[in-house]
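Reader: I am new to this structure and would like to go through it in questions and answers. Please show it to me before we start.

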Amino acid sequence: MKPSTRPLFSTVLIAAFVCCLIATPKPARAGSAEIRIDVAHPTVELSPHLYGLFFEDINYAADGGLYAELVQNRSFEYHPLGDRGRASRMDALFAWEKVAREGAEVELEVVDDRPVHKNNPHYLEVEIDKQGVAGVSNAGFEGIHVDEGATYRVAVHARAGSGWRGDAQLTAHLETADGQPLGSVDLGEATGRWQHLEATITADQTTDDARLLVTTAGRGTLMLDMVSLFPTETFNGHKNGLRPDLAQALKDLNPQFLRFPGGCISHGDGLANAYRWKDTVGPIEHRKPNFNTWGYHQTYGLGFFEYFQLCEDLNMEALPVVPVGVSCGFRGLEVVPMDELQPWIDEAVDLIEFANGPVTSEWGKLRADMGHPEPFNLKFICLGNEEHDTAAVRERFPHFVKAIRDKYPDIKIIGTSGLGPGIPIYDQMTELDVYSSDEHYYEDPTWFIANQNRFDDFDRDRPLIFVGEYASRGSTLFNALAEAAYLTGIERNADIVDMTCYAPLFGRDGHTQWNPDMIYFNKRDVVRTANYYVQQLFAQNKGDVYLPNSVELHADQELETIAGRVGIGSWSTEIELESFTVNGETLDPGTWNVITGDFEMNDGNYVQSDGGAQPALSISPEDFEGEEVTITARVKVNDGAEGFLVRFGADDRGRDGFWFNVGGWGNSRHAIEAFQGRSKAEVTARRGRIEQDRWYDAKVVLTPGSIKTYLDGELVNDYAIDPIGMSVSTTLDKKAGEVIVKLVNPTDEAIDANIHLDGVGNVESQADMITLAGNADATNTFENPDAVAPQTETVAVGNTFEHTIPAMSLQIIRVKLAEPQTAMRPR
């Protein structure tokens, strides 16, 4: 292992979280900081594709979202999805109704004997027994939105039965929900063979609740399939294209890559439901729809060709994800037998041919037939999603790697590190020497603030890191600032972290299976969250090289000793407490309040016997405070996977405060963790384990601004609470000749800073500054979409300048160098 090449960095604190847990319930008071930036000695180059996008069809992100099709269930392939609420009612006629006017008699039936294509086996038979105005109507995604004067392409595959009588002309209509006409157009005549009919219709007025009708005046059996209503205005004008406002929101993020199509849908709800890219290409009537593991249906109108096309439109690298012969472990792991794995491997290899192959190849020809003879210049492929660490995954994964390297050695393989921050499969990715390895985590905001130094000690000889999915479980400004703080640590470690992307990307109003999401939308409106703006500001102000910095913080307040209730607990473990003291006074746990678990006195000891409780917790009925508070506990583990918990600083319901976690994380380390409500963050930890059936003496010593923990007399953790928390990232944009200073203040008070640019000549006296600030719980909504939004202004700067960092804010200052720094190279 070579030494880490990480630069100097500002110590990042979780004080915004911890300070409200000390004795007085006040937020962190104003403090000051000295920030020094070494412009002359850049450390690491930032990846050109550090910030990008992750798209998964969750929350109706594709059909009913980014994909501009306005008809729902256009090919009559819906079917009920078990007991999944609304999805249980999704039969083949979902969103469709018969039209029977002027005396017409109509019956509808979905059949499958002579389909347009075998991949879309179902179609609609409209049986018209008595003439009039007869046909069907579609309500779209809870009403179709149309605009006055806008044009829409109507398309349908139609066939008339052998006994057809009368007029075979088909007409498309737009109507309001109550039948008011909005426009109509003739589509042409149905014949005895399937044919594609298409025309353009103009809406006469604006509404969000229109219906599309296809009708005839004839009599007999009319067959319909692939009924479509598409805006003629799509992003970049593509015929089978994207909703312009949603695609523009992506473009405005300045993304450098797109990971697609998932996510959990990649390996699916069982192997039969895995996302197979070959089902999603070719003419739309040839694509094979599938249900979505998130509880609805996918037409695959937005397929791999359209994903590659979007990457080309936005000048992004494509990061397609292919399954590796295992299904989603959360939904009952299924595994492709080894003797049946080759078609799955071939599919991964064929995808590269589809993207890059010559038009004379099988899959390159299909790409050309779809309108793109030039290769898409694919450089990366992602194998697997957040796979569970199983023998089956470890056995199958290398076969995919070998096949791709044998045929396409220049393709960079992105592996999977497995579930959560523990990255259990990163070791195999190292053995296989993949280009980078994908890690995912959805944690509380305090976790991101506390873990922004995560990559400081990563081995630089191992694969690069792709943070492929992350979010802080909320859309407030504080959530966004926690993510911003984490990104400052990523930029500092850009020699090991190659790519990052927030997840999920889109959420349709009223149809979310996962929250939070970066962008919310309804039929007309787009809400860009505070999280969105953090992503945008970091991507637009990345810089090329990292500039080392140091931060010296000064508090304007006297720290106090943590106060509150104390207690004992465990996690999936049975424990026994022999004694518990506070400042030498022995407490009687038999009088404590049991929050969770199964505690009782047994032969003078306090025994917790629920091995499944996560956690088991019992809390004293009284608070403890003082200049110095010393807590001792004599404990042993009787059975279970972990150790025990010594609680302190808690409220009367066992919330807030801290615990000393002895033998946590599968009996692998000892840590201090902080709590606020339901949020939890590890503030400091060291490796360590304990044994069962052995007594341990744990001690916690609390003094003003300090927590020290001991185990059997040995110091384990020594944590100093700093009253102000801030994060800093400093980079250089070489082309612009600008030092980019990112300042994150996730506390409730402003911080007065002196900022020094060292090792550089004169700088210009004015700089552009962008500020994202507000109340901690400020959230953008459809009613108030701009509650949190960036504001730009010009500020006075110099080689040294004073600056106040507002409470709850991200600020980006771009300081223009008077002379270019062309001689600088990363160390």
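Author: Two strands pair if DSSP finds at least two bridges between them. Helices (H or I, at least four residues) and strands (E, at least two) are DSSP runs, numbered from the N terminus. This is a predicted model, in which local features need pLDDT of at least 70, side-chain atom pairs count only at pLDDT 80 or more, and totals for chains, interfaces and linings use all residues. Residues are numbered from 1 along each chain as its sequence is written, and side-chain values use heavy atoms, with hydrogens and water left out.

Reader: How many bridges join β8 to β13?
Author: β8 and β13 run antiparallel. Within this pairing, Arg 153 stands opposite Phe 230 in β13. The number of bridges joining β8 to β13 is eight.

Reader: Which residue in β11 is the bridge partner of Tyr 152?
Author: Strand β8 (residues 151-160) also pairs with strand β11 (residues 195-202), in the antiparallel sense and over eight bridges. In β11, the partner of Tyr 152 is Ile 201.

Reader: How many of the ten residues of β8 are buried?
Author: Buried means under 20% relative accessible area, exposed over 50%, and partly exposed in between (1.4 Å probe, protein chains only). Strand β8 is mostly covered, and its count of buried residues is nine.

Reader: Which strands are the edge strands of the eight-stranded open sheet?
Author: The order in this sheet is β2-β14-β17-β18-β19-β20-β21-β22, with parallel pairing. An edge strand here pairs on one side only, and the two are β2 and β22 (497-500).

Reader: Which residue in β19 does Ile 381 stand opposite?
Author: Strand β18 (residues 380-383) and strand β19 (residues 412-419) pair in the parallel sense over three bridges. In β19, the residue opposite Ile 381 is Ile 413.

Reader: At what angle do helices α5 and α7 pack?
Author: Two packed helices are described by the angle between their axes and the distance between the axes. Axes are lines fitted to C-alpha atoms, for helices over the stretch in contact, and angles run from 0 to 180 degrees between N-to-C directions. Helix α5 (residues 342-356) and helix α7 (residues 391-407) have their axes 9 Å apart, and the angle is about 35 degrees.

Reader: Is the pair of Phe 55 and Tyr 307 stacked, edge-to-face or tilted?
Author: Rings of Phe, Tyr and Trp (its six-membered ring) pair if their centres lie within 6.5 Å; planes under 30 degrees apart count as stacked, over 60 as edge-to-face and the rest as tilted. A search of the whole structure finds 45 aromatic pairs. In the pair of Phe 55 and Tyr 307, the ring centres are 5.7 Å apart and the planes stand at 55 degrees, so the pair is tilted.

Reader: How far apart in sequence are the parts that this pair ties together?
Author: Phe 55 is buried at 2% relative accessibility, and Tyr 307 is buried at 3%. Because Phe 55 lies in the loop between β2 (53-54) and β3 (96-101) and Tyr 307 in helix α4 (residues 304-313), the separation of the parts is 252 residues.

Reader: Is Thr 234 buried or exposed?
Author: Thr 234 is in the loop between β13 (220-231) and α2 (244-251). Counting contact as heavy atoms within 4.5 Å, Thr 234 touches Ala 68, Gly 241, Leu 242 and Pro 244, residues up to four places away in sequence being left out. The relative accessible area of Thr 234 is 7%, so Thr 234 is buried.
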